[in-house]
Amino acid sequence: MEMQQERQEAAAWFRSLRDRIVAAFEGLEDRGPGPAAAGRFEVRETRRGADGGGGLMSVMRGGRVFEKVGVNWSAVHGELLPAARQAMAARGVPGIEADPRFWASGISLVAHMQNPHAPAVHMNTRMFWTPGAWWFGGGSDLNPCLEYAEDTAYFHDTLRAACAPHGADYYDRFKAWADEYFFVPHRGRARGVGGIFYDDLNNGDWQADFAFTRAVGEAFLPAFLPLAEKRMAQPWGEAEKDAQLVHRGLYAEYNLVYDRGTKFGLATGHDPEAVLMSLPPLAKWV
């Protein structure tokens with residue numbers, strides 16, 4: 001079950017989604033407020049340790065709209081270290097102890113905004129392969145420091161519409177999974193207003209599961225761009241910025257303590273700057 005063609009198809013699509021999002025975000029920068037120059041992404045290749053593969057790390061800092069945004073793509077392969085093998089075996093991945101080879105590709109995005117009224121956002125879609133199994137995962141979630149109920153409803157409605165053609169229960173299942181996954185236990189609260197999250201998606205039909213994962217990725221720009229554009233020029237003051245920095249502290253705590261993607265990336269030797277791209281440029285604790 002090498003799935004070479006399927007792996008190449010998935011990696012190419014994740015790369016194309018990355019390219020379209022980067023172009024859309026730079027277009028939003030061109031329309032952004034203020035006299036400063038529109039932000040542009042700095043792009044560099046990343047390599048994965050002594051094993052194989054790498055990707056593209058694309059980060060924009062100090063733009064008109066985005067204070068920091070990263071859009072990373074990767075396609076990596078190698079052998080899992082013992083701790084990762086044990087974790088996957090515990091999750092029920094067959095044959096991983098006997099043959100620890102793996103391949104993974106995906107896109108990961110985190111945006112931290114200049115305007116505190118504009119919500120931070122996260123999106124990820126990925127495919128994982130081992131000799132005995134394959135699966136998809138991903139989702140997106142909204143992380144405003146100042147919540148607007150209509151923005152939350154719009155974001156969720158867009159995700160609901162993307163899920164509907166692929167499974168009658170997908171949105172409800174994956175929304176509940178996001179609510180659980182993005183909960184910060186030591187704070188007793190969620191890190192944002194949720195979205196959808198799924199992992200280990202393998203219904204036995206690769207094309208159908210890949211189609212759903214593409215739908216999740218395609219829904220991201222329609223779900224997020226209108227919110228960013230609506231809020232990017234809204235007036236704000238010191239109190240709003242302070243609330244944003246405190247909320248970013250919560251976001252950083254979650255990503256460093258609980259996020260599975262951060263743990264996996266660091267444990268498998270991927271470029272640490274790319275793995276930690278999700279961290280905000282400035283944060284505050286009270």
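Me: Hi! Let's start with the rings. How many aromatic pairs does the count come to?

Reply: Hello! The count comes to 25 aromatic pairs in this predicted model.

Me: Pick one for me. How are the rings of Phe174 and Tyr198 placed, and is the pair stacked, edge-to-face or tilted?

Reply: That pair is tilted, because the planes of Phe174 and Tyr198 are at 35 degrees, with the ring centres 5.3 Å apart.

Me: And where do Phe174 and Tyr198 sit in the chain?

Reply: Phe174 is in helix α4 (residues 170-181) and Tyr198 is in strand β9 (residues 194-201). They are 24 residues apart, so the pair links distant parts of the chain.

Me: Are those two buried or exposed?

Reply: Phe174 counts as buried at 1% relative accessibility, and Tyr198 counts as buried at 0%.

Me: What about Trp206 and Phe210?

Reply: Their ring centres are 4.8 Å apart and their planes are at 35 degrees, so this pair is tilted. Both belong to helix α5 (residues 206-231), where being 4 residues apart separates Trp206 and Phe210 by about one helical turn. Trp206 counts as buried at 8% relative accessibility, and Phe210 is buried with a relative accessible area of 1%.

Me: Which residues do ring pairs link into a cluster?

Reply: The cluster is made of Tyr170, Phe174, Trp177, Tyr181, Phe182, Phe197, Tyr198, Phe212, Tyr254 and Tyr258.

Me: Back to α4, then. What span should its residues give, and what do the end C-alpha atoms show?

Reply: The 12 residues of α4 should span 16 Å at 1.5 Å a residue, and the end C-alpha atoms are 16 Å apart, so the two agree.

Me: Which residues of α4 are buried, and which are exposed?

Reply: Tyr170, Tyr171, Phe174, Ala178 and Tyr181 are the buried residues of α4. They cover an arc of only 100 degrees around the axis, which means they are on the same side of α4. Asp172 and Glu180 are exposed on the other side of the helix.

Me: What do the buried residues of α4 pack against?

Reply: They pack against α3 (149-163), β7 (183-184), β9, α5, α6 (238-257) and α7 (260-267).

Me: Changing topic: which rings have an Arg over them?

Reply: Here are two. The charged end of Arg15 sits over the ring of Trp73, 5.6 Å from its centre. Arg231 lies over the face of Tyr148, at 3.6 Å from the ring centre.

Me: Now Asn72. Where is it found, and is it buried or exposed?

Reply: Asn72 is in strand β3 (residues 66-79). Its relative accessible area is 8%, so Asn72 is buried.

Me: What does the side chain of Asn72 reach?

Reply: It reaches the backbone nitrogen of Ser58 at 3.3 Å. Beyond four places away in sequence, Asn72 touches Leu56, Met57, Ser58, Gly106, Ile107, Ser108, Ala274 and Met277.

Me: Last topic, backbone angles. What is phi of Met3, and of Asp200?

Reply: Met3 has phi near 55 degrees, a positive value in a residue other than glycine. Asp200 also has a positive phi, of about 55 degrees, and is not a glycine. Most residues other than glycine have a negative phi.

Notes
Residues are numbered from 1 along each chain as its sequence is written. This is a predicted model: local features need pLDDT of at least 70, side-chain atom pairs count only at pLDDT 80 or more; totals for chains, interfaces and linings use all residues. Side-chain values use heavy atoms; hydrogens and water are left out. Helices (H or I, at least four residues) and strands (E, at least two) are DSSP runs, numbered from the N terminus. Buried means under 20% relative accessible area, exposed over 50%, partly exposed in between (1.4 Å probe, protein chains only). A polar contact is a pair of N or O atoms within 3.5 Å; within protein, one must be able to donate a hydrogen and the other to accept it, and residues adjacent in sequence count only if both atoms are side-chain atoms. Contact means heavy atoms within 4.5 Å. Rings of Phe, Tyr and Trp (its six-membered ring) pair if their centres lie within 6.5 Å; planes under 30 degrees apart count as stacked, over 60 as edge-to-face and the rest as tilted. A charge sits over a ring if NZ of Lys or CZ of Arg is within 6 Å of the ring centre and within 35 degrees of the ring normal. The expected span of a helix is 1.5 Å times one less than its number of residues. The arc is that of the directions from the helix axis to the C-beta atoms.
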